Each structure stands twice: as structure tokens, then as C-alpha cells.
Amino acid sequence: MRCIVPIKQVPETNSVKMDEKTGTMIRDGVETIINPLDLYALEAAFRLRDQRGGEVIALSMGPPKAVLALREAIAMGADRAVLLSDKAFAGADTWATSRVLAAAVQKLGLDENALIICGERAVDGDTGQTGPALASWLDLPVVTYVSRIDDTAVDMAGSNPGSCRLKRLTEDGYELLEMQLPGVITVIKEIASPRLPTLRGKQRARAAEIPCWGRIELALPAECLGLAGSPTRVVSLARPRVSRTCEKIVAPDAATMRGAAAKLAEFLNRRHLV
Amino acid sequence: MNTCEHREVWILGEQRGGRILSVTHELLTRGRALADLRAASLCVVLCTGPIDEACLRDLVERGADRVVAIEAIELMHFDCERSAACLMELIKERDPEIFIAAATTTGRTLMPYLAVRANTGLTADCTGLEIDSQTGLLLQTRPAIGGNVMATIKTPSHRPQMATVRPRSTAPATRVSGRPGVIERRTPTENALKSRVRRTGFIPREESHDIAEADRIVCVGRGVRKADGVGRIRVFAERLGAAVGGTRDAVDRGWLSYPHQIGLSGKTVSPSLYVALGVSGAIQHIAGMQTAGTIVAVNTDPTPGSSDLPISASLAICSKRCRPSSKRSRPVPRR
């Protein structure tokens, strides 16, 4: 089974600076990590591989230093990784990003045992659009918010090869679905607890050769890439300060607690909340 | 192609079991305002199993000029490929100017899939939609970078201009009895009903309250200290008619399951009342609840140092003893 996991390198802190001109993030000089929600996608991929063999390939589109995220993915257990980096990719929205990822997946090749596993969304951009958009470019089926991948369907070669059983979290419960492979899923935290990098993995990661594919390698036309190729444009940025006029009640002991509870009740009454 | 008179603003209707969801009524409020500004007609498009005329009539009475119900047994439950194919046929035919959907599990899946098909841009999880008075373009405003920044985004040259809208970010449209409008039922082509995903079953959610839709939420933070405190908080929440949510800490400790997690790596909520118990207010958490109407924070920490919640709250109670034993045993009296 071939699992391809697109991951994103995101800033570690929340004190991200913005380029006021383009409205995109300034990523220089900020500590970075693998998008925390992508760790679940990696873990899901590792488990599938550990059960039935095959390989896990991590992909990341980003600046050259996104290679660090890929090395970490290898340290955790990815078999190999490909960096997708080119100046022309900079400033891409989800449409342009998923286009590059799709080209990379096509270059890697898909067979009827391939599954692309994405995190639910990136914690910086917070759109959750790249996974379904990637599926659309590749004309593959997509199932989002997957909380479990049932290995039996894929494992039992007799039952239904080239498909997998999935459990999908929706607003009112879990859907049980069967998806034909190759396909794309996005996973939620329930899927598995991510493992930590191992010492051996770290050694492997240091030695690993990570190819870098750019516009030329992916044979993509320049006009569909990066900021210039993105259908959406950031017009303006504002910093709203959610300033609430906060009433504060200090209740240091049991005696004052009673009064505080009464004040709270009065406050909620006043706002017609109880 | 559309002339000025036939300009259309679309919203994606959502149904479960033939009943229209309230997020669709919220979209009608949004869509009506946009359509009026653009002198366009407002159209609800809906992929559905067999559906009653009354349900569709209700959408007209809540502000739709046209309702297009794409009807087939295969569309009873959400299926991304089928919905995308059906809607793509309709988009080609009618060329809408704007297409918005709710940022639900359905909208968040279908819209990015569809946007690539339609070769256009999409803005996720908007909290504000306006029309630029000069260009007539849709201005799509959304929180970015964990809610620290509000970004306004446009789609200058691709059509339709697509966006998903955060549920509960606007009031649902009210009914005006007898309001006129067109109802159109369509049967999709066989080709559009092909799918590589098969639904084999469904496990309904156990709890009655989905926090993303709850109007009142009691949130459990690490300050609660023990799992047994959560039991008392559930009782409190029940008396308040509130759903129970938690911070990442509370979920990682196993006090609550992941669907209850609020914040950057969980759900975004926007209730009218939010009661935070033992929540320090990490920025990742704030990002998921800052649009709440009234925020009440109960915490041991009177100095808002590392924590933002007491200052951004509407009311804060600070007590060294505010553990469930002292505070939650005295629930808010109900009228």
C-alpha cells in the first residue's frame, strides 16, 4: 500500500507577522513545526503500512526550509519525502497549492492501492480546503473528517481489494463509508495518537536524500502558480481587538464565593441569559 | 451568459432526511442581503432525496427567489462526487455570480472540490460578506492566524465567487407567508450520480448537543483538575441547558471526547453564552470561541498574565477556591 501524506510546515508561535502588501504570512525568522493536525495523518499512514506493508511518502510544499518538516516526518517513520519548492509557488492560495500537490502526486504515481492522507486542516491557514481540492484535481474520491480506517476491508484481499472502509465524523454522528482506491481522506484527531521520532529514525532522517521538485520538474505552467496564479486575493487585513468591558468579581474564600455566585446570577439575569 | 437581469446569487441548501437545516436559513439572510445589493435573484440549490413541496416553499418564504431542488434517491445523503457533478452541470447552465455554503462538514468538503472543478477561488469560514460598492465584488472576511487578524479576500476574475460561511455567524431568515418565488425540481443525469464512495451505515451521535451548534456552552479547562469535577459540571450544564465543551488539555486528559474540543485544533463555536470553568485562555482556545456573545470566566487566577480569557470575558470571577466543589455546587438559579 502506498500512502502519500502532504504535510505543511507552520509557525510554532502565534506571533506571526504579516506582509501588509500581499496579505500573506512572513515566514522568515519564525520557529516552525509540522502542522499538528498533520501528525495524525502521518500516524494513520504509518499504521496502515505497518499492518500491510508498502511505503509512506511525505510531501510538503513550502520554502526550502520546509525540508526540516520532511526530515521530522522521516524521523517519525516516513520512508521517503519530497520537497515541493520554487519561488514561483510563493503566496499560493489553496487552489494553487492543491494544484502543485496534485502534480507531485501524479509524478509519484497512483495505483489501486494508493491512499492520500491529509490532516483536517492547517492550524495557520485554517481552511481545510487543500485535501478536498487535491482530490478534485486528481479526480479522486474524497472522504473528510475520517476517525477510523478499517483495515479489514483492505486487508482481506478477497473481500474488496482496492477499497477501504472509513468512519466519518459529521455534525450528527458517524457515517460508515466504503471508498474505492486510489482516494483521498482527511483525518481527525480520533484516528490515532501520533508517535514520537525515534533515535534510529532521526539518524535515518539526517542521512535521507530529499529531492526538491519545482515548477520545471512538475511541468506546471507559471501562470497557474503562486500568488499570481491564485484566484483569491487578500484585499486588506485588520486587527480586531476583541475588547469586552469585563466585570471582575474577586472571591478569595468561601464566604465571598456566595456573594460572587449571586452576582453572577444577577449578571446573567440582566442579560436575559437565565 | 447572464445579463444584468439574470444575475444570480446562490446558496447551498442542506437537508437531512428531507428536512432543511437551520444553517440554510442563516445563508438565506446572508444571500438575501448580497442579492439585493447586486440587484440579483437569490437562488437556493439543494441536492436532496425526494422532498416535500412545503419544505421548498418555506425557502421561498424565507427569502429565496428561486429554489432548485436536484432530486434523486442517491442524493439523500451527502456524497461529494455526486453533489459536485450535479452542481457543476447547473453552474455551467446558469453561471452564478456568487455561491456561498455553510462551513459545515458538507460545505467544507463539497465547496473546495467544486471550486477546483469550476476553476475558481474559495474562501473558507467567512464571518463577514459584503459587496464592494465600487467594483461590485464579493468581499469575504474571515479570521486568520488563529483569529488575530481579520483578512478580507476577494476573487477578482473567476466566477462564481465562492465562500463558506461560519455557522451561527448570522441570524436565520424569518418567514414571510405568501412571498412569491419559483420552485424547480430537477432530475440529475445518470452520469452525475456516479460515485466511488458507498455509504454502508450510520452511527448517530450519542450526546444530544453538538457544541458547534449549541447556543450555550460550558467549557471545561485544566483548572477543573480532576475528571470527577467534569461530572458535576455536566449537571451544572444540564441545568443551564448548555452543551459541554473542553479545552485541548481537558480532551487530552480524557475528560471529554474529541468532538467536544474547542479551539484551533478543535471546533469553533459561537454561542450566546459561554461559561469557561478553569480555562486559562490560551490563544489557541480563544481562537475557537471569541465570537461568543457573553463570556463568563471562572478561574483561580485574578491576574491576566498568561491568560487572555479574564480580560476578554464579559464577566470574570476570580477565586482561589473556584473548584467545582465550591463554585459548581451553587448553580445559577433559574427563573
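Strand β1 (residues 2-7) of chain A is largely enclosed by the rest of the structure, because six of its six residues are buried. Here a residue is buried if 20 or more other C-beta atoms lie within 10 Å of its own, exposed if 12 or fewer, and partly exposed in between, with C-beta atoms placed from the backbone. Strands (E, at least two residues) and helices (H or I, at least four) are DSSP runs, numbered from the N terminus. This is a predicted model, in which local features need pLDDT of at least 70 and side-chain atom pairs count only at pLDDT 80 or more, while totals for chains, interfaces and linings use all residues. Residues are numbered from 1 along each chain as its sequence is written, and chains are lettered from A and ligands numbered from 1 in the order in which they are written.

In a regular strand the side chains alternate between the two faces of the sheet. In β1(A), Arg2(A), Ile4(A) and Pro6(A) point one way and Cys3(A), Val5(A) and Ile7(A) the other, and all are buried. Two strands pair if DSSP finds at least two bridges between them. Strand β1(A) runs parallel to strand β6 (residues 55-61) of chain A, to which six bridges join it, and Pro6(A) stands opposite Leu59(A) in β6(A). Three bridges also join β1(A) to strand β8 (residues 114-119) of chain A, again in parallel; here Ala114(A) is the bridge partner of Arg2(A).

Turning to chain B, there are eight helices and 18 strands, and 56% of the 335 residues count as buried. Two residues are in contact if their C-beta atoms, placed from the backbone, lie within 7 Å. Of the contacts in chain B with a separation of 6 or more, 65% are between residues 24 or more positions apart.

Leu56(B), Leu59(B) and Val60(B) are its buried residues. Seen down the axis of α2(B), they fall within an arc of 105°, so they line one face of the helix; the arc is that of the directions from the helix axis to the C-beta atoms. The cover over these buried residues includes β1 (8-13), β3 (19-20), α1 (22-37), β4 (41-48), β5 (66-71) and β12 (182-186) of chain B. Just after α2(B), Gly63(B) takes a positive phi of about 125°.

Some backbone details also deserve a look. Most residues other than glycine have a negative phi, and most peptide bonds are trans. Tyr145(A), in strand β9 (residues 142-150) of chain A, has a positive phi near 55°, and counts as buried with 23 C-beta neighbours inside 10 Å. Asn119(B), too, has a positive phi, of about 55°, but lies in the loop between α4 (105-117) and β7 (122-126) of chain B and counts as exposed with 11 C-beta neighbours inside 10 Å. A cis peptide bond joins Leu181(A) and Pro182(A), with omega about 0°; Pro182(A) is in the loop between β11 (173-180) and β12 (183-187) of chain A. Another cis bond joins Arg159(B) and Pro160(B), with omega about -5°, and Pro160(B) lies in the loop between β10 (149-154) and β11 (161-165) of chain B.

The two chains meet in a contact that takes 72 residues from chain B and 73 residues from chain A. By class, the chain B side has 36 nonpolar, 20 polar and 16 charged residues, where Ala, Val, Leu, Ile, Met, Phe, Trp, Tyr, Cys and Pro count as nonpolar, Asp, Glu, Lys and Arg as charged, and the others, Gly among them, as polar. An open sheet of four strands has the order β14(A)-β10(B)-β9(B)-β8(B), with antiparallel pairing, and its edge strands are β14 (233-238) of chain A and β8 (128-131) of chain B. Five bridges join β14(A) to β10(B), with Ile153(B) as the bridge partner of Val234(A). Strand β15 (residues 247-250) of chain A pairs with β18(B) in the parallel sense over four bridges, and Glu247(A) stands opposite Leu315(B).

As for confidence, the model scores ipTM 0.88 and pTM 0.86. The mean pLDDT (the predictor's confidence in each residue, from 0 to 100) of chain B is 87, and 89% of its residues reach 70 or more. Over residues 322-335 of chain B, pLDDT stays under 50.
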